[in-house]
Every structure is written in structure tokens, then in C-alpha cells.
Amino acid sequence: MLPFHFAVAYAVNARMVVLSEREASIKPELLLAPTVLIQCQFFGWPWSRARHAFADRRTFAEALARINGEPTAP
């Protein structure tokens, strides 16, 4: 995934969470993991980004799957 696509995927999914009808207490939980990964990939040290690139992308995909999955009942 190119950095541009990575950023766009994050922005689209973050906006989707914010606009969703999920409970306000669940939204920060859903946004935390992808936000930390994006921050590390775009603002971290270059050697750290390179070292964690594949693991971060896999974790990012898992976080997006959680966001796009069925909402759980409280």
C-alpha cells in the first residue's frame, strides 16, 4: 500500500467512525489503533518506519476490519 493510499484509507475510515451511530464511548477505542499506526508511519523516525512497515500495515488492516465489522451489542 502506498503512503497516499494508507493516508486516504485512514481518513475515510476515521470519518466513517465519527459519523456512525455507534456509542460515543466506543468511537475512541476504534480510532486509537489506526491513529497510532498512521502517526508512527508518517511522523516517526525513518529507520523505525522501515523496520515496522509490514507489521504496521497488517495491524492497520486488522483495525480497519474491526471498524468495518458488525457493531457489537452493548
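Colleague: What share of the contacts with a separation of 6 or more comes from residues 24 or more positions apart?
Modeller: They account for 62% of those contacts in the protein, where contact means heavy atoms within 4.5 Å. Note that this is a predicted model, so local features need pLDDT of at least 70 and side-chain atom pairs count only at pLDDT 80 or more, while totals for chains, interfaces and linings use all residues. Residues are numbered from 1 along each chain as its sequence is written, and side-chain values use heavy atoms, with hydrogens and water left out.

Colleague: How many helices and strands are there?
Modeller: There are three helices and zero strands, in the order α-α-α from the N terminus. Both kinds are DSSP runs numbered from the N terminus: helices are H or I with at least four residues, strands are E with at least two.

Colleague: And what does the C-alpha trace span?
Modeller: About 40 × 20 × 15 Å along its principal axes. The protein has 74 residues, and 27% of them count as buried (under 20% relative accessible area; exposed is over 50%, partly exposed in between, with a 1.4 Å probe and protein chains only).

Colleague: Let's do helix pairs. At what angle do H1 and H2 cross?
Modeller: Roughly 160°, with the axes coming within 10 Å. H1 covers residues 3-19 and H2 covers residues 27-43. The axes are lines fitted to C-alpha atoms, for helices over the stretch in contact, and angles run from 0 to 180 degrees between N-to-C directions.

Colleague: So are they parallel or antiparallel to each other?
Modeller: H1 and H2 are roughly antiparallel. Angles over 145 degrees count that way, under 35 as roughly parallel, 65 to 115 as roughly perpendicular and the rest as oblique.

Colleague: Which residues meet there?
Modeller: From H1, the list includes Phe6, Tyr10 and Val17; from H2, it includes Leu30, Ile38 and Gln41. The residues of this contact divide into twelve nonpolar, two polar and one charged. Here Ala, Val, Leu, Ile, Met, Phe, Trp, Tyr, Cys and Pro count as nonpolar, Asp, Glu, Lys and Arg as charged, and the others, Gly among them, as polar.

Colleague: You listed Gln41. Is that one buried or exposed?
Modeller: Gln41 is buried, with a relative accessible area of 10%.

Colleague: Which side chain does Gln41 join in a polar contact?
Modeller: That of Asp56, at 2.9 Å. A polar contact is a pair of N or O atoms within 3.5 Å; within protein, one must be able to donate a hydrogen and the other to accept it, and residues adjacent in sequence count only if both atoms are side-chain atoms. Leaving out residues up to four places away in sequence, Gln41 also touches others, including Phe6, Arg49 and His52.

Colleague: Next pair. How do H1 and H3 pack?
Modeller: Their angle is about 25° and their axes are 11 Å apart, with H3 covering residues 46-68. H1 and H3 are therefore roughly parallel to each other. Among the residues making this contact are Phe6, Asn13 and Met16 of H1, and Phe60, Leu64 and Ile67 of H3.

Colleague: What about the loop between H1 and H2: which residue can we look at there?
Modeller: Arg22 sits in that loop. Arg22 is buried, at 19% relative accessible area, and its side chain reaches the backbone oxygen of Ile67 at 2.6 Å.
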